[in-house]
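This briefing concerns the structure displayed below. Please keep the sequence and the model in view while reading.

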Amino acid sequence: MRTIMAASLREKQTAALKRMLNLNQEPSRSSAVEPVWKVLVYDRFGQDIISPILSVPELRDMGVTLHLLLHSDRDPIPDVPAVYFVMPSEENVQRICQDLRNQLYESYYLNFISAVSRQRLEDLASAALQAGTVPQISKVFDQYLNFITLEDDMFTLRHSQNREAISYYAINRGDVQDSEMEASMDAIVDSLFSVFVTLGTVPIIRSPRGNAAEMVAEKLDKKLRENIRDSRNSLFTSDSLQAGQFSFQRPLLVILDRNLDLATPLHHTWTYQALAHDVLDLQLNRVSVEEPAGEKSPQGARPKRKAKSYDLNFTDKFWQSHKGSPFPEVAEAVQRELEEYRSQEDEVKRLKSVMGLEGEDEGAISMLSDNTAKLTSAVSSLPELLEKKRLIDMHTNIASALLDHIKVRKLDVYFEMEEKMMSKQSLDKSLMDMFSDPEAGSPEDKMRLFIIYFICSAQTMSDAEIDQYAVALQAANCDLAPLHYIKRWKAFTKMTAAPSQYGGGGTKTISMFSRLMNTGSEFVMEGVKNLVVKKHNLPVTRVADALIDNKSYQDTEDYRYFDPKMLRVTDSSIPRNRNPVQEAIVFIVGSGNYIEYQNLVDYVKGKSGGSIKRITYGCSELSNAMLFLKQLAKLGSELH
Amino acid sequence: MAVDRTNLFLATIKTVKTRNKILNIGSEEAKSTASIHPRPKGEFVVRAKDVIQNISKLRDFLLKHRKDYIDATGFLTSEVSKMTDNERDQIDNDAQTFMRTCSEAIRIFKTEVLKQPMPQQVRSHREAVFELMEAYLKAVCKLYSEQRAIRVKRVVDRKRISRLEPEGRRTGTDMTELRQRHKRARAELNSEEGDHKSETDDSKVMKNTPASDDPLQMEYWDEDEDDELSPEEIQMFEQENERLYNEMNSLVDEVRQIEGKVVEISRLQEIFADKVLQQEVEIDRIADTVVQSTENIKEGNEEVREAMKKDAGFRVWILFFLVMCSFSLLFLEWYS
């Protein structure tokens, strides 16, 4: 039997947020606690952090009556404490000072997302003195929650604010200045530091040499080292460790650069969550689906499409179990859930009629009490049933929307071709056919396909061939800028080994007809291939696997090794600590995506007998293929 | 892990203050700020806090008396349980009226406050405050209704046990168990009755064979352990016992009477049997005779028929003879 796993990153962050919302005290566990009203003020980053984790009803339960953006017009609300959750930037602090001067609230609990500098503290102090509101500032806290947790084991650093500063584009730009680079690195290091403060452990860091990842690793190591040495203010003292976390079980942090693998972000996806991100633009666990309205309006105008947004988070059991499954499986699973729900509904209805018949039988008291027990159980299960119905409806809508997109853009064909390319099987349809087919997908899809082909082709393509393809692509309205950048990237990295890293994959097409006969599914997936993906490891997973098991793998032999707890900084690649790794965190400097996340999750599941219990995936920003392609286009256009 | 910077902040304030004093900036402001009293609390907040405090009082009261109210171990102690049913009823009524007044008060307060004009954010804040108040009241009411549900369930179960269903599904061991508990509870009063009861109970046990009872026995065992015998229950049991005793007595008398009657009946039946046997002989004879006479009559009928037939033939001959004689006479007369 496994030992109890330590709380996941999301749980720790939720606990920290709840403590903050409880006016920085531990929330009590007794029943029916008196509500304490408060107003929550956040900036955009605070909003991004809170929204995937705590929903509005949960905020209500914690006593938050109003939640407002910092830089909005706010009316004075007397006699209410205000909880601020903001980044300690200059403009935020100025706005807080303004609030203090206007005396908007009764008392102020200031929680800064990352550490606040002395200068800002002094600004606050002088503003408070001027306004005479010093006794009203009850607490000032540094929360160290400078990251956004999307899943139990996935986090990203930025979403809506300051995203560009740490994107792939910013780091790999040709004309990036040293100071800008330093600023980006510092931002990333700050966030990673907060991650480890929240986890409460000091990791062992490994990173490749010679790129942005190495810089991040060095800085992080330095920062952790300084903090541990400073025994007065250390954040990693033993009383912050909970039981069950032994100090010699340290997680392994693997920092990788996006340049390791440029094909995966552009890859067409086939699993549910990745599809939602790619096609429907899943942002902070929220999807927006266009729904066609019922009938056409009488004038025969186009039916209005309203957009409904759905939350997909960890309370949704169906989502949790199926977010990594291939799309056809999802369709079947939705069908199954629907039938299950219908049978439960019928049972409840039958119970209703049974109760009506037997209610007059006075002699059978025990039967009556049985019936009342059944009735109470039915009544209490009704809300669950309704919730289930809502979830099933939501997933049906989302899956249908995905299916529409897939059919229109022929995404299944793209996926199949890309998988074949990545595993170096021969292609059924040649690339030229795909590019000249006007119906198959948008120009971006074709561009993605070509870039993947280019990256994965073992022999270098001659310039003539490339030009041929370029002409075909331009005929299809594609923007060729990314291609220039990729050419240069390939030349730089000389990753001739890269194509082999994708090997072992591939697809099998199962005939759809047998499935249709069996399930009679609502999702008429004719014309869409039912592709089954064989399990294989993406480059990121391979690297992680090698480092976790201390295997020697030709690419990772030269990785650097950092241990902040060691006394001296060494520049070695030899790991000193050879304990089996229980927990690992894989961080990508640049943009991450759900495909890699899913691959890591599958890897952990596949290794269930082994030592590794959990791998957390992190990235500096989460972008889908479109955004990444845009960044590549910008980089490419700058080359000229 | 969040780091508390409040102390650092306060220290910073002190440094800024001293710095300002040194630089003589804003000294008048410092004086004026020192003289600002803490702002008086708004009326809304005062009233809202009052309501919350009242609800908290109710909650504390319910929690404090919860143990006594539920009283899970009352039947094991020798004394009467700590809370009579009257007290429980009173708690119920009081709690109900209190909750009703609270919800009324909240409603009135809400309509009053929302009528006033106020900025949008303050309005939504106050609406949320009312929602939270109502949710809190609901949580406390849930506490109360849970307690009450447990109590009602106990009463229903008690009634079920004490009613003694007609098929007598109880086993002897069950009854003796109850008796033991009962004896423990009322030992000083029931010694005499207890003896009687055990007698009659034994007889009852002999008469009532247990049906296939294992699950039921388990059920009753569980319920008995959960159950406590309050004085109400003890009284009910006593009454039942009295009734049973009287029933048993009357049954015994009736049985004896029936016995006597049955003996008489058997004697009379013997006499009947003798007579009947005698009559049997006679009747046999008569039967034979009757049979014979029927046969004679049948023969007689045959004879008579024959006779009638012969008679008819004889008459025919006589007639013919006479007719012949007359014809001969006629002929003789005609011819002579």
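How many residues lie between β6(A) and β7(A) in their hairpin? In this predicted model, two residues separate β6(A) from β7(A). Helices (H or I, at least four residues) and strands (E, at least two) are DSSP runs, numbered from the N terminus.

This is a predicted model, in which local features need pLDDT of at least 70 and side-chain atom pairs count only at pLDDT 80 or more, while totals for chains, interfaces and linings use all residues. Residues are numbered from 1 along each chain as its sequence is written, chains are lettered from A and ligands numbered from 1 in the order in which they are written, and side-chain values use heavy atoms, with hydrogens and water left out.

**Strand pairing**

- Strand β6 (residues 148–151) of chain A runs antiparallel to strand β7 (residues 154–158) of chain A, and three bridges join them; two strands pair if DSSP finds at least two bridges between them.
- A separate pairing, which is parallel, links strand β1 (residues 38–42) of chain A to strand β3 (residues 81–86) of chain A through four bridges.
- There, Y84(A) in β3(A) is the bridge partner of V41(A).

**A sheet spanning both chains**

- Six strands form an open sheet with mixed pairing, in the order β2(A)-β1(A)-β3(A)-β4(A)-β5(A)-β1(B).
- The edges are held by β2 of chain A and β1 of chain B; each has a single partner strand, so one side of each is left without a neighbour in the sheet.
- The contribution of chain B is strand β1 (residues 3–4), which runs antiparallel to β5(A) and is joined to it by two bridges.
- D4(B) in β1(B) is the bridge partner of F141(A).

**Interface of chain A and chain B**

- In contact (heavy atoms within 4.5 Å) are 50 residues of chain A and 43 residues of chain B.
- The two chains bury about 4100 Å² between them, with 63% of it on carbon and sulfur atoms; buried area is the accessible area (1.4 Å probe) that two parts lose on being put together, summed over both.
- Three salt bridges are counted between chain A and chain B, a salt bridge being a side-chain nitrogen of Lys or Arg within 4 Å of a carboxyl oxygen of Asp or Glu.
- D142(A) and R5(B) form a salt bridge whose closest N and O atoms are 2.9 Å apart.
- On the side of chain A that touches chain B, the elements giving two or more residues are β2 (64–69), α5 (118–131), β5 (137–142) and α7 (178–199) of chain A.
- Of these, α5(A) gives the most, with nine residues.

**Salt bridges overall**

- Over all chains the structure holds 39 salt bridges.
- K223(A) and D190(A) form a salt bridge, their closest N and O atoms lying 3.4 Å apart.
- This pair links distant parts of the chain, since K223(A) is in helix α8 (residues 212–229) and D190(A) in helix α7 of chain A, 33 residues apart.

**Annotated spans of chain B**

- Residues 245–307 of chain B are 100% helix and 0% strand, with end C-alpha atoms 87 Å apart.
- The UniProt annotation "transmembrane region", also from an unreviewed entry, covers residues 314–335 of chain B.
- Residues 314–335 of chain B are 100% helix and 0% strand, and their end C-alpha atoms are 30 Å apart.

Note on methods: UniProt positions are given in the numbering used here, feature names are shortened, and annotations may be inferred rather than shown by experiment.
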